[in-house]
Amino acid sequence: MVTFDETNLGIEAPERTNVCAIVALSCALTGLFVPALVFGAIGYVETGGRDHETGSGLAVAALILGAIELIVAVLTAVIVLVTMR
């Protein structure tokens, strides 16, 4: 009986960039920090588990920019609310 190994068919899959990481960075660059954080986390997790997918750096950049934007938004809101008293 002939055995067939399905895991290695000799076909190379091209590397592609994770779509969630691209969306996350786009959102972070436009100031949408909530979707940037969500899609950045999803993109980072997805790129870690897939062999032929890149974009973990984009996802990390989106997470960092999104976190900075969130901090700036919270500080701005606090300053505005304190000065309105």
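Entry 1, ground rules. I am working with a predicted model, in which local features need pLDDT of at least 70 and side-chain atom pairs count only at pLDDT 80 or more, while totals for chains, interfaces and linings use all residues. Residues are numbered from 1 along each chain as its sequence is written, and side-chain values use heavy atoms, with hydrogens and water left out.

I looked up the salt bridges (a side-chain nitrogen of Lys or Arg within 4 Å of a carboxyl oxygen of Asp or Glu), and I found three in the structure. Glu53 and Arg16 form one of them, at 3.0 Å from N to O. Because Glu53 lies in strand S2 (residues 53-54) and Arg16 in strand S1 (residues 16-17), this pair ties together parts that are 37 residues apart in sequence. I took strands (E, at least two residues) and helices (H or I, at least four) as DSSP runs, numbered from the N terminus.

I used buried for under 20% relative accessible area, exposed for over 50% and partly exposed for in between (1.4 Å probe, protein chains only). Glu53 counts as buried at 7%, whereas Arg16 is partly exposed at 47%, as are Arg50 at 40% and Glu46 at 25%.

I next noted a nonpolar surface patch of about 550 Å², made by Tyr44, Val45, Val60, Ile64, Ile68 and Val72. Helix H2 (33-49) and helix H3 (56-83) are the elements that give two or more residues to this patch, and the largest share, four residues, comes from H3. Patch members have over 30% relative accessible area and no salt bridge; like charges are joined within 9 Å, and nonpolar side chains (Val, Leu, Ile, Met, Phe, Trp, Tyr) within 5 Å. The areas come from the Shrake-Rupley method with a 1.4 Å probe, and for residues only the protein chains shown count as cover. I checked Val45, which sits in helix H2 and is exposed, with a relative accessible area of 61%.
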